[in-house]
Amino acid sequence: MHINSVSATILAGTDDGLKPFGFEYNFKPGLNVLSGDNSSGKSTILSCMYYCLGMEQLMGSKGINALSPALHQVLNFGGHTCNVYESNCSLSFTANNGKQYKLTRQIASSDEITINEILIFDGTTTTPKFVHSARDHGDQGFYQWLAEVNGLEIFNVESFNGESTKPLYMQNIFSLAFIEQTKGWSDIFSMMPSFGIKDPKQKVVEYSLGLKSLELNMKLD
């Protein structure tokens with residue numbers, strides 16, 4: 001999949017009342033390099049990408065705690081602190097099926113949607129899918145949808161206790177895709193949640209190399 005753009009919309013209180021803030025960053029095909037001074041927003045762009053994909057656990061937190069406080073608590077504008085009233089972030093991408101989608105996830109509170117919902121717009125209709133809930137890997141789950149539109153087959157693997165099987169989650173697989181200057185690939189890979197899977201890092205590497213070992217292990221079981 002190719003990420004086309006990421007953006008955030010913030011409504012915050014100022015001395016002149018509520019005002020809109022935010023950003024939009026567009027990506028070009030091929031290698032994109034983010035550069036800038038410290039606290040200029042590089043990590044905010046990346047964290048919004050994680051968050052829109054429901055992958056913020058790879059940064060060591062779940063939900064809005066993985067994001068900058070300026071997105072959900074207080075931002076600084078003109079030397080004044082402004083309380084965030086409402087905010088969300090969006091990510092547009094082209095999936096492996098050739099179609100374009102826009103994902104929107106709420107950050108600060110709203111009566112319309114919750115942070116456990118990701119709204120998917122396919123150019124015609126908007127469909128909610130769930131993350132970090134009992135439904136997130138079923139028919140109503142975002143991760144199953146993400147795997148389907150990208151043509152990824154998700155195998156069941158042995159659980160940590162050896163008494164049941166669990167799916168190799170999209171969060172496991174996407175740990176291979178994120179690299180940041182201050183957190184290299186190995187650091188992010190090491191923070192990958194196990195989700196109760198036995199030897200999860202080994203299984204992710206085997207999956208990415210197409211070794212078919214997961215499929216063979218299931219047949220052996």
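Author: Start with C82, which is buried because its relative accessible area is 2%. Buried means under 20% relative accessible area, exposed over 50%, and partly exposed in between, with a 1.4 Å probe and protein chains only.

Reader: What kind of model is this?

Author: This is a predicted model, where local features need pLDDT of at least 70, side-chain atom pairs count only at pLDDT 80 or more, and totals for chains, interfaces and linings use all residues. Residues are numbered from 1 along each chain as its sequence is written, and side-chain values use heavy atoms, with hydrogens and water left out.

Reader: How many helices and strands are there?

Author: The chain has 6 helices and 9 strands. These are DSSP runs numbered from the N terminus: helices are H or I with at least four residues, strands are E with at least two.

Reader: And how much of the chain is buried?

Author: Of the 221 residues, 42% are buried.

Reader: Which residues touch the most others in the largest nonpolar core?

Author: That core has 52 residues, and F93, L103, F142, W145 and L146 touch the most other members. Helix 1 gives the largest share, 7 residues. A nonpolar core here is a set of buried Ala, Val, Leu, Ile, Met, Phe, Trp, Tyr and Cys residues joined through side-chain atoms within 4.5 Å.

Reader: Why would such side chains sit together?

Author: In soluble globular proteins, nonpolar side chains tend to be buried together.

Reader: Take F142. What does F142 touch?

Author: Leaving out residues up to four places away in sequence, F142 touches C52, L53, L103, I118, I120, K129, F130, V131 and D136. Contact means heavy atoms within 4.5 Å.

Reader: C52 is a cysteine. How many disulfides does the structure hold?

Author: The structure holds 0 disulfides, a disulfide being a pair of cysteine sulfur atoms within 2.5 Å. For C52, the nearest cysteine sulfur is that of C89, 3.2 Å away.

Reader: Is C52 buried or exposed?

Author: C52 counts as buried because its relative accessibility is 0%.

Reader: Switching to charges. How many salt bridges are there?

Author: There are 2 salt bridges. The term means a side-chain nitrogen of Lys or Arg within 4 Å of a carboxyl oxygen of Asp or Glu. One joins E56 and R105, at 2.9 Å from N to O. That pair links distant parts of the chain, 49 residues apart: E56 is in the loop between helix 1 and strand 3 (74-77), and R105 is in strand 5. Both E56 and R105 are buried.

Reader: What about D16?

Author: D16 forms a salt bridge with K19, with the closest N and O atoms 3.6 Å apart. D16 is exposed, at 63% relative accessible area, while K19 is partly exposed at 30%.

Reader: Which residues make the nonpolar surface patch?

Author: V205, L209 and L211 make a patch of about 270 Å². Patches take residues with over 30% relative accessible area and no salt bridge, joining like charges within 9 Å and nonpolar side chains (Val, Leu, Ile, Met, Phe, Trp, Tyr) within 5 Å. Areas come from the Shrake-Rupley method with a 1.4 Å probe, and for residues only the protein chains shown count as cover. V205 is in helix 5 (residues 200-208) and is partly exposed, at 32%.

Reader: Which way does phi go at D199, positive or negative?

Author: D199 has a positive phi of about 50°, although D199 is not a glycine. D199 lies in the loop between helix 4 (185-190) and helix 5.
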